[in-house]
Amino acid sequence: MLHIPKTAPPFFHLLAKPTGAACNLDCKYCFFLSKGALYPGSRFRMDNELLETYIRQLLESHRRWPEVTVAWQGGEPTLMGLEFFKLSVEYAEKYKQPGQTILHTIQTNGTKIDDGWASFFKKHNFLVGLSVDGPRELHDAYRVNRSGAGSFDQVMAGWEHLRRHGVDFNILCSVHAANQDYPLEVYRFFRDEQKAQFIQFIPIVERVSASSSPLPNPVRMKWPGSGHPLDARTDRLVTGRSVGAEQYGRFLIKIFEEWVRRDVGKVFVQMFDITLASFIGRYSLCVFSPACGNALVLEHNGDLYSCDHYVEPGYKLGNIKEIHMSELVASDKQRRFGRDKLDRLPRNCRECKVLFACNGGCPAHRFLETPDGEPGLNYLCAGYKLFFNHVTRPMNSMASLLRQGRYADEVMSILYQ
Ligand code: SF4
Ligand code: SF4
């Protein structure tokens, strides 16, 4: 019987990238396309043997956990073709532990989704994450194909198939320089046009080195094997496509103000949900948790990395064909990676009024200095401060309702009518 190390967490989240960085689009801000340079000459396709190993190990590693998520991401995972995912569902059924239920999820740009895909997703209750950055002009600013044409029409065609088949979907919207000043246009498009119930807003923070980036122009540096620069973590500059820190905070506030007056309990915005959870002392997203290390990435060849933001040689834990993933997740290296998030927090954050909600944000974005010159301040700090301070009163009100066993949506009548 498999021995699970004592230091292994009972639950962890793993994003599997069956096509590695390979994608049929060429989104200008995509940090992951450059990761192709890590595997020169690769076809970027997970083989069936590794697929089986991955699913088996994932379910074995969660022996004591009732719900396991099999999460696919990319690059663009649908490039693997439907048969691959049919097989993944079969393996999940084969290796399911007693009492376990499986949730299948996939993050996609939506351009390949047709009737066949949509009926498969529906049949197996997939939760589909669809990347959309807003209405056409905002979406097409950066989400383009290789010839530079916007992908909006293709994505909407994919979305139509999902809708027609009744597939559960959530919208993943990147927030960047092109859409940061249009929060309500973006939010209302998702809510009213796309009928989205679940929405995530992900800040685009693209770091570059001073030598390669004349700000504020976008960087298109050539890297072997790709048209994208490898994420350069040594400088404090960001590209002109990146969201501004304060703009990100204001973007969220504008949407929050509309949401909290009419959409609580109807539309679920991840940032608002996790903020509310932090007001009652619960953490579900690594970015705003005190420590991290339980959100790993599996590459197409079996290499396991510490996190999606750290698919780099220094953060490779090993290969699951050689070492069981439960050992890699439990390894000193990975546990230290997770603790570093807390241990490296600058004093400025430790003394911050909204630390309980922010926890310094993601270490991948901590490349500024604090006002007293300590390294490790989050690039998005100004926006986080604005947002968390702004929402404190209604969040406290919703948290109090939940503690009384009531529903958070009562806040709409209590505070705003
Ligand atoms: S580095 Fe950032 S994204 Fe990665 S696990 Fe930690 S908080 Fe999450
Ligand atoms: S708001 Fe800024 S200072 Fe406060 S915890 Fe977050 S990053 Fe640190």
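Helices (H or I, at least four residues) and strands (E, at least two) are DSSP runs, numbered from the N terminus. This is a predicted model: local features need pLDDT of at least 70, side-chain atom pairs count only at pLDDT 80 or more, and totals for chains, interfaces and linings use all residues. Residues are numbered from 1 along each chain as its sequence is written, while chains are lettered from A and ligands numbered from 1 in the order in which they are written.

**View 1. The loop at F44.** F44 lies in the loop between strand 1 (13–16) and helix 1 (48–61). Its phi is positive, about 55 degrees, although F44 is not a glycine. F44 counts as buried, with 21 C-beta neighbours inside 10 Å. Buried means that 20 or more other C-beta atoms lie within 10 Å of the residue's own; exposed means 12 or fewer, and partly exposed is in between, with C-beta atoms placed from the backbone.

**View 2. Two further loops with backbone exceptions.** Most residues other than glycine have a negative phi, and most peptide bonds are trans. K195 has a positive phi of about 55 degrees and is not a glycine. K195 sits in the loop between helix 6 and strand 6. K195 is exposed, with 11 other C-beta atoms within 10 Å. The peptide bond from G74 to G75 is cis, with omega near 15 degrees. G75 belongs to the loop between strand 2 and helix 2 (82–95).

View 3. Two strands pair if DSSP finds at least two bridges between them. Strand 2 (residues 67–72) and strand 3 (residues 101–108) run parallel over 6 bridges. In this pair, T69 stands opposite L103 of strand 3.

**View 4. Strand 5 and its neighbours.** Strand 4 (residues 127–131) is joined to strand 5 (residues 168–175) by 5 bridges, in the parallel sense. L130 has I171 of strand 5 as its bridge partner. Strand 5 also pairs with strand 6 (residues 198–203), parallel, over 5 bridges. There L172 stands opposite Q200 in strand 6. Strand 5, helix 6 (residues 183–193) and strand 6 make a right-handed β-α-β unit. Right-handed means that, with the strands pointing away from the viewer, the path from the first strand over the helix to the second runs clockwise.

**View 5. The shell of ligand 1.** Ligand 1 is surrounded by C286, V287, C292, A295, C307, H309, K341, C362, P363 and A364. A shell residue has its C-beta atom, placed from the backbone, within 6 Å of the molecule. By class, this shell has 8 nonpolar, 1 polar and 1 charged residues. Ala, Val, Leu, Ile, Met, Phe, Trp, Tyr, Cys and Pro count as nonpolar, Asp, Glu, Lys and Arg as charged, and the others, Gly among them, as polar.

**View 6. The shell of ligand 2.** The residues around ligand 2 include N348, C349, C352, C358, C381 and K385. Helix 11 (347–350), helix 12 (355–358) and helix 13 (381–390) each give two or more residues to the shell. Helix 13 provides the largest share, 3 residues. The classes are 7 nonpolar, 4 polar and 1 charged. C349, in helix 11, is buried, with 22 other C-beta atoms within 10 Å.

**View 7. The buried side of helix 14.** P394, M395 and M398 are buried in helix 14. They cover an arc of only 100 degrees around the axis, so they lie on the same side of helix 14. The arc is that of the directions from the helix axis to the C-beta atoms. The face turned away from the buried side carries the exposed residues R393 and R403.
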